[in-house]
Amino acid sequence: MNPLKKGYIRAYLSIPLYMIPAILAAGAGLYFYNRSSGTPVLIFAVIYSLAVILAYLVSRRKMADEIMRFATGYGTIQKEMLKGFQLPYAVLDDSGRFFWMNRAFSKFTGEDPSYKKPISTIFPDLSRETLEKTSDLPLTVRISQDDMIFDAVLSRIDFKPEKDCEPVTINGTLISVMLFDETAHEKLKAAFEDQRLVTGLIYIDNYDESIDSLEDDVKKSLIRAIIDRKIAKYFRPADAIIRKTDNDKYFLIFQQKYLPKLEENKFSLLDDVRTTKVGNDREVTLSIGIGKGARTYSQSAEYSRAAMDLALGRGGSQAVIKSRNHVYYYGVRGKEVEKTTRVKARVKAQALREMMETKDSIIVMGHQITDVDALGAAVGVYCAARELGKKCQIVLNTITSSLRPLVDKFTPEEGYPDDMFIKSERAVELVSEGTLVMVVDTNRPSYTECPQLLEKSASIVVFDHHRQGSERIENTILSYIEPYASSACELIAETLQYFSDRMQLAPQEADCIYAGILIDTNNFMTKTGVRTFEAAAYLKRSGADVTRVRKLLREDMATYKARAEVVRHAEVYRGAFALSVCKTDEVESPTIVGAQASNELLNIVGIKASFVETVYNGKIYVSARSIDEIDVQLIMERLGGGGHLNVAGAQISDASADEVKQRIKDILDAMIQEGEIKL
């Protein structure tokens, strides 16, 4: 390309040429005006013009040669500088092949500077597809090579020749690649993360029950010493500092780099302590809550406290690790530990009474597609509110065939208000600052009948018997979540006994609460404890009639046939799991049919767990059941749901029934391979 073709140098050299016409015109004008005076001027103008033109032609060529020599030297200097550049630098053509590389790039890759193969042969991460994403703005790609980490900065360079310029030798697109070594920085970050302090809490779930079962003081001291020693021994490799803050509580601190080892053995301390026997009748179980990834020590302590709340809310006997955005569960095995003491029930009952007394009205709701347990618990709350003279309304969007016989007992003829049952739209209109919103039989905001109520109310109470998951109702002023309980109706029945000495239940109210316990325990065959029967006895004394409840819970022929069809079409997977789909549109409550069919499938010899999918209102409702060998709650958590050891479920809206069935099979295969399920 001619350096004088355009630019400032060309313009500067052309100035004398632009003056020639003016000088010649001036000389000619003066010559015609006065020949004697104009002749020398005109001769000078001609001589000047010839000299300028001659000088321009001579200097132009010399100037061009000088500029070319300077550009060549400057380019050579640039090239040598790039060759000696400490950072690895290379230029690729538009297909990703090497066009040029400097010495640092050649030394790092071990390739000759004449190497012309695609860069993906050295760095697989820099594929053709990745290179196509480059633009004028730098694109950074993280790559790894021989235990080293680099940031590859890619930039696209487009060459477009000027129309008035001579042809250039390079035309098209080039891609520059510069490598920045991030290995030391990443190692420093990893070291910093490893040295973060992790705080943890350890609680003995059933300390009082386990100790009280021992009559000998020596054995009591011995079991305390054994537990202390096992905890200290387990955390010794983690170089942890452990402090006992109470008889059944411990606080610990250790570095985060030891946490993966604890996760790898899935906190074997839980099983180790559970096997501790010194003449005690009850197993000793621990709950561990650990907070990690916090920015401050106080935030880490808050995370560990939240993790412990989750562990206890899920029934204890497990470890929970909480970080900023994730929650991990370990050691969830066995049944929830039933607590024989009823002190907590009394405390919660008194707290609920105090909160109700300060509110103008109460709105209570259960989960979507309300079942008998949620309805019975809501009716129990209604009775408590009535005792205080407070207005209480129950959110009930759908009255299924299983609920209708019970709901029909609460009519104006029986002395109940017309608006005892309301829909979500009306509930949202009624809620105010003086309204207490109470949630029963669920602790997930997305599962409630009206999630908008939780957003509009600042006073929220939760009574539930399901294990807590990562999704939970926040900012509650009172939370009573006991996974050991058989049903929400059991918790409400206990609460009513301590709510008021004058508490009186009508027969239909006692029937409704009793029916909730009956349904959730499958006629007292699953998940029943001493307190379950005590609650049932209280309801019996309050007027509940077993025969009357049985008649209320009877089903029609269509429902019975639908359940039989689900069982008949069940698929047995791996010889131990029954899977079926409830697609019937002939029954009013298909989700209830699915849950009942799931229970029925457990009566088949060899079936350890059953899973029934119900297609209803654009969602897939999964009912999971087991007897004692399989923890279906872990399976449902991987599917996005939750529940209990033997009773769990999930709601899925982004897949078909066949896709959900395949997901369940994949989860079962994975858990069997991981050792979580043993056949």
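This is a predicted model: local features need pLDDT of at least 70, side-chain atom pairs count only at pLDDT 80 or more; totals for chains, interfaces and linings use all residues.
1. Let's start with Asn-522, which sits in the loop between α17 and α18 (530–541). Its phi is near 55°, a positive value in a residue other than glycine.

2. Now compare Phe-267. This residue is not a glycine either, and its phi is positive too, at about 50°. You will find Phe-267 in the loop between α8 (259–264) and α9 (269–274). Is Phe-267 buried or exposed? Its relative accessible area is 1%, so Phe-267 is buried.

3. Here is the wider picture. The protein chain contains 23 helices and 23 strands. Of its 679 residues, 48% count as buried. Take the contacts between residues at least 6 apart in sequence: 63% of them join residues at least 24 apart.

4. Next, a pair of helices. Two packed helices are described by the angle between their axes and the distance between the axes. For helix α12 (residues 372–387) and helix α16 (residues 488–499), the axes come within 8 Å and cross at roughly 15°. Angles under 35 degrees count as roughly parallel, and α12 and α16 are therefore roughly parallel to each other. Their crossing is left-handed. On the α12 side, the residues making the contact include Gly-376, Ala-377, Gly-380 and Val-381, while those of α16 include Ile-492, Leu-496 and Phe-499. Sorted by class, the contact of α12 with α16 has nine nonpolar, two polar and two charged residues.

5. Helix α12 has another partner to look at. The axes of α12 and helix α17 (residues 507–520) come within 8 Å and cross at roughly 145°. The crossing of α12 and α17 is left-handed. Among the residues that α12 brings to this contact are Leu-375, Val-379, Cys-383 and Arg-386, and among those from α17 are Cys-512, Ile-513, Ala-515 and Ile-519. What classes do the residues of the contact of α12 with α17 divide into? There are eight nonpolar, three polar and four charged.

6. Back in helix α16, have a look at Thr-495. Thr-495 has a relative accessible area of 2%, which means that it is buried. A polar atom of its side chain lies 2.8 Å from the backbone oxygen of Leu-491. Which residues is Thr-495 in contact with, leaving aside its neighbours within four places in sequence? They are Ala-349, Leu-352, Phe-463 and Tyr-480.

7. Another threonine to visit is Thr-591, in helix α21 (residues 590–601). Thr-591 is buried because its relative accessible area is 12%, and buried means under 20%. Setting aside neighbours within four places in sequence, Thr-591 is in contact with Ile-369, Thr-614, Tyr-616, Tyr-621 and Ser-623.

8. Finally, a strand residue: Ile-157 lies in strand β4 (residues 148–159). Ile-157 counts as partly exposed, at 33% relative accessibility. How far apart in space are Ile-157 and Asp-136, which are 21 residues apart in sequence? Their C-alpha atoms are 6.9 Å apart.

Terms used. Residues are numbered from 1 along each chain as its sequence is written. Side-chain values use heavy atoms; hydrogens and water are left out. Axes are lines fitted to C-alpha atoms, for helices over the stretch in contact, and angles run from 0 to 180 degrees between N-to-C directions. Helices (H or I, at least four residues) and strands (E, at least two) are DSSP runs, numbered from the N terminus. Angles under 35 degrees count as roughly parallel, over 145 as roughly antiparallel, 65 to 115 as roughly perpendicular and the rest as oblique. A crossing is left-handed if the near helix is turned anticlockwise from the far one by less than a right angle, and right-handed if clockwise. Contact means heavy atoms within 4.5 Å. Ala, Val, Leu, Ile, Met, Phe, Trp, Tyr, Cys and Pro count as nonpolar, Asp, Glu, Lys and Arg as charged, and the others, Gly among them, as polar. Buried means under 20% relative accessible area, exposed over 50%, partly exposed in between (1.4 Å probe, protein chains only). A polar contact is a pair of N or O atoms within 3.5 Å; within protein, one must be able to donate a hydrogen and the other to accept it, and residues adjacent in sequence count only if both atoms are side-chain atoms.
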